[in-house]
Amino acid sequence: MNLLSQALEYGAPLFIMTSPVTSYADQILSIHRSRSSAGFSMDIPLIMLIASILKVFYWFGAKYSLSLLIQAVLTIGVQIILLKVALDNRPAPGLKNGVEHVPFSSVDSGQGFTRPYDFWQWRSAKPYWMFLAYFTVGLAVVQVFLPPLAYSQSYIGLLGYVGLAVEATLPLPQVIKNHQSRSCVGFRLSVVAAWILGDITKLSYFFCSAEVIPWSFRLCAMFQCICDLYLGLQFWMYSGPSFGAAGSPSRGASEGWEVEEKDIRMT
């Protein structure tokens with residue numbers, strides 16, 4: 001029991017800190033080598049950058065575990081690189097595979113929904129960096145020039161819960177895609193197992209560690225674990241004989257739209 005406790009106390013923080021690099025390095029190299037980000041959701045960097053920036057400013061008020069702060073800082077660096085590589089290798093407008101940039105585009109039965117002002121679907125790269133700069137500077141101004149607000153419990157709690165709630169939405173595009181297509185095309189069992197293992201490691205650390213772990217982190221981890229367990233259930237349901245082998249191309253409306261699935265989630 002003592003050995004397990006020591007493993008969680010020292011091994012889990014190392015796993016958590018390095019997860020941004022180990023999870024997304026292959027994605028970055030894959031886009032760079034293929035010279036195309038078709039099939040990669042541009043919303044993944046958006047979700048992870050917004051969540052991680054909020055978690056960094058949340059630390060100034062909550063003073064949570066240092067390993068989680070390091071993870072947030074590393075995530076920002078890795079996601080900036082990923083966004084730059086993805087923007088530099090976007091498919092030309094009009095290509096069918098180009099629509100795969102929007103993970104929720106298939107939620108509606110028609111052409112999908114239109115975002116106000118084409119948010120995060122801009123053709124030029126400059127607006128992406130300007131949005132992130134304004135967002136970060138805005139939070140920094142509050143932190144430096146409005147300390148009564150920055151260190152109020154309500155503001156600190158808002159930063160934490162909003163940041164982690166945004167991060168918790170990351171698995172939803174895959175859940176929705178599987179449910180609508182009634183298929184797990186390109187979805188490997190090994191990936192599901194790795195995600196669930198990561199969730200178990202994080203939850204064990206969050207609930208057993210002697211370090212300060214706010215409840216917002218625990219709630220986010222529990223939600224992600226539920227989503228990943230449901231992904232495993234989808235794999236079991238849709239890979240049965242009545243649905244065909246998982247990973248084989250589905251026919252029908254999606255025919256001709258085959259895009260390589262990539263592991264784009266942080267464990």
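## Helices and overall make-up

Helices, of at least four residues, and strands, of at least two, are DSSP runs numbered from the N terminus. The model described here is predicted. By that reading, the protein has nine helices and zero strands. Read from the N terminus on, the order of elements is α-α-α-α-α-α-α-α-α.

The protein has 267 residues, and buried residues make up 43% of them. Its accessible surface comes to about 14000 Å², and carbon and sulfur atoms account for 68% of that area. Counting contacts between residues at least 6 apart in sequence, 79% join residues at least 24 apart.

## Spans annotated as transmembrane

The UniProt record, an unreviewed entry, places the feature "transmembrane region" at residues 40-60, 66-87, 128-146, 152-173 and 185-207. Such annotations may be inferred rather than shown by experiment.

Two of these spans can be compared with the model. Residues 66-87 are 100% helix and 0% strand, with 32 Å between the end C-alpha atoms. Residues 152-173 are 82% helix and 0% strand, and the end C-alpha atoms of this span lie 34 Å apart.

## Q79 in helix α3

Helix α3 covers residues 66-88, and Q79 has its place there. Is Q79 buried or exposed? Q79 has a relative accessible area of 1%, so the residue counts as buried, given that the cut-off for buried is under 20%.

Leaving aside residues up to four places away in sequence, Q79 touches Y24, I44, P45, M48 and L49.

## The loop between α3 and α4

The loop between α3 and α4 (126-145) holds Y117, and D118 is found in that loop too. Y117 has a phi near 55 degrees, a positive value in a residue other than glycine. For D118, phi is likewise near 55 degrees, again a positive value in a residue other than glycine.

How exposed are these residues? Y117 counts as exposed because its relative accessibility is 80%, and the cut-off for exposed is over 50%. D118 has 41% relative accessibility and therefore counts as partly exposed.

Which residues make the nonpolar surface patch of about 560 Å²? The patch is made by V137, V141, V144, F145, L146 and L149. Helix α4 gives the largest share of the nonpolar patch, namely four residues. V137, one of the patch residues, is found in helix α4.

## Cysteines without a disulfide

How many disulfides does a search of the whole structure find? The search finds zero. C220 is in no disulfide, and the nearest cysteine sulfur, which belongs to C227, is 9.6 Å away.

C220 is buried, since its relative accessible area is 7%. C225, at 12% relative accessibility, counts as buried as well.

Methods
Residues are numbered from 1 along each chain as its sequence is written. This is a predicted model: local features need pLDDT of at least 70, side-chain atom pairs count only at pLDDT 80 or more; totals for chains, interfaces and linings use all residues. Side-chain values use heavy atoms; hydrogens and water are left out. A disulfide is a pair of cysteine sulfur atoms within 2.5 Å. Buried means under 20% relative accessible area, exposed over 50%, partly exposed in between (1.4 Å probe, protein chains only). Contact means heavy atoms within 4.5 Å. Patches are made of residues with over 30% relative accessible area and no salt bridge: like charges are joined within 9 Å, nonpolar side chains (Val, Leu, Ile, Met, Phe, Trp, Tyr) within 5 Å. Accessible areas come from the Shrake-Rupley method with a 1.4 Å probe; for residues, only the protein chains shown count as cover. A salt bridge is a side-chain nitrogen of Lys or Arg within 4 Å of a carboxyl oxygen of Asp or Glu.
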